[in-house]
Number of protein chains: 2
Amino acid sequence: MEYQNAKHQFIQAWGTLGSSWGINKAMAQIHALLLISPDPLTADEIMEELQMSRGNVNMNVRALMDWGIVQKESKVGERKDFFRADKDVWELARQVSRERRRREIEPIIKVLNQVQKVEGSGKDVEEFKQITGELKDFSHKVDGVLDKFVKSDQNWFLKLLMKL
Amino acid sequence: MEYQNAKHQFIQAWGTLGSSWGINKAMAQIHALLLISPDPLTADEIMEELQMSRGNVNMNVRALMDWGIVQKESKVGERKDFFRADKDVWELARQVSRERRRREIEPIIKVLNQVQKVEGSGKDVEEFKQITGELKDFSHKVDGVLDKFVKSDQNWFLKLLMKL
DNA sequence: TTTAACTTTCAAAAAGTTTTGAAACTTTGG
DNA sequence: CCAAAGTTTCAAAACTTTTTGAAAGTTAAA
């Protein structure tokens, strides 16, 4: 397989994967491009390579910086901003876990705590308390695992894999 | 908090969570409703409760059955189909993991294997091989963990939690 | 076989999301 | 301070996904 080809396929696939993860395609594609780029790129280079508008690149590069997986850099003697993706896959996974934990697990635990305060009795209410209680327990467990993961180092994970 | 209130809040929250997981809102809401319902419900009851069209209910109930987390039932002396959600949160988590593994991890591993076949040399190609290689390794590890999880029982998970 | 109850399909409409591009804004070197 | 280079914003357009509802299909009791 030829390089240009492999590159496009990878960027395409990363974009699709992103979509099914609730990350928009442009954001995922920019990330893919920066990941495989040996040197940081300017907004213009990203626009050119991925054929997207300046606004779109700007918006999504900022989203990637929010996630903490892309950094802005400047070069001496250059006016333009350069963007670089974190190349450490382990670190990437941790950042993504951290964000998803914050955006998804935390809100659901909050709601489950709220609705557990339901009053009254009867079959419906009992069933409701039962299932939301189980979901809450489960969510707490997942939260705990993610927390551990986010705070851990790669070595911990590898040791864990051994145990499985 | 009053029951009707808690119920709506829970269904709403589950719908939102679904969206950020690439599961459509209607599908997640139907699932939430069935989860907390002590008895199986008919399509008409779901339509009424969630104020959505017959087509939408039908489509998403089938999607839930595809995921293996909702079952169709029939009652003697009743023409209508009844739908029931799996009440076991553990089982639910396993089914969801299985589906996401199949839909997301497997395709990306396939692409990574493909693009690793890139030919030629140079800084770009080396960087490309390096990062796609690392992603592949990582994906395989995640795949392994999920596989273990999907095939495990709750007890295994609890023991694992102890070790953390 | 007929008919009524129920389920499924699918094309069109609505809703939601992403992308564009031009204008406004900011920064920097001279 | 000015002008040039670069960045950000945002309303409108394009695109995608979801939802609707009516029509077609299926099933089962009489």
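**Close-up views of a predicted protein–DNA model**

**View 1. A:Gln51 sits in the loop that joins helix H3 (43–50) to H4 of chain A.** This is a predicted model, in which local features need pLDDT of at least 70 and side-chain atom pairs count only at pLDDT 80 or more, whereas totals for chains, interfaces and linings use all residues. Residues are numbered from 1 along each chain as its sequence is written, while chains are lettered from A and ligands numbered from 1 in the order in which they are written. Helices (DSSP H or I runs of at least four residues) and strands (E runs of at least two) are numbered from the N terminus. Most residues other than glycine have a negative phi. A:Gln51 counts as exposed because it has 7 C-beta neighbours inside 10 Å; with C-beta atoms placed from the backbone, a residue is exposed if 12 or fewer other C-beta atoms lie within 10 Å of its own, buried if 20 or more do, and partly exposed in between. In chain B, B:Gln51 lies in the loop between helix H3 (43–50) and H4, has a positive phi of about 55°, and is exposed, with 7 other C-beta atoms within 10 Å.

**View 2. Strands S2 (residues 70–74) and S3 (residues 81–85) of chain A pair in the antiparallel sense over five bridges.** Pairing here requires that DSSP finds at least two bridges between the two strands. Within this pair, A:Lys72 stands opposite A:Phe83, and A:Ser74 stands opposite A:Asp81. S2(A) and S3(A) form a hairpin with six residues between them, and A:Gly77 in the turn has a positive phi of about 75°.

**View 3. DNA strand C has 17 residues around it, and A:Asn24, A:Ala26, A:Gly55, B:Gly55 and B:Asp81 come nearest.** A residue is taken as near a molecule or strand if its C-beta atom, placed from the backbone, lies within 6 Å of it. Two or more residues of this surface come from each of helix H2 (25–36) and helix H4 (54–66) of chain A and helix H4 (54–66) of chain B, and the largest share, four residues, belongs to H4(B). By residue class, the surface near DNA strand C holds four nonpolar, six polar and seven charged residues, where Ala, Val, Leu, Ile, Met, Phe, Trp, Tyr, Cys and Pro count as nonpolar, Asp, Glu, Lys and Arg as charged, and the others, Gly among them, as polar.

**View 4. Around DNA strand D there are 16 residues, of which A:Gly55, A:Asp81, B:Asn24, B:Ala26 and B:Gly55 come nearest.** H4 of chain A, together with H2 and H4 of chain B, are the elements that give two or more residues to this surface. H4(A) gives the most, with four residues, and the surface near DNA strand D divides into four nonpolar, six polar and six charged residues.

**View 5. At the protein–protein interface, 44 residues of chain B are in contact with 44 residues of chain A.** Contact means that the C-beta atoms of two residues, placed from the backbone, lie within 7 Å. H6(B) gives the most to the side of chain B that touches chain A, with 13 residues, and that side comprises 24 nonpolar, six polar and 14 charged residues. A rotation of 180° with 0.0 Å of shift along its axis superposes chain B on chain A with an RMSD of 0.1 Å, and this is the relation of a two-fold axis; the superposition is by least squares on the C-alpha atoms of residues with pLDDT of at least 70 in both copies.

**View 6. In H6(B), B:Phe128, B:Ile131, B:Thr132 and B:Leu135 are buried.** The buried residues of H6(B) pack against helix H1 (3–19), H2 and helix H5 (89–115) of chain A, together with H5 of chain B.

**View 7. B:Phe10, in helix H1 of chain B, is buried, with 26 other C-beta atoms within 10 Å.** Residues up to four places away in sequence aside, B:Phe10 touches A:Val111, A:Val115, A:Thr132, B:Ala32 and B:Ile36.
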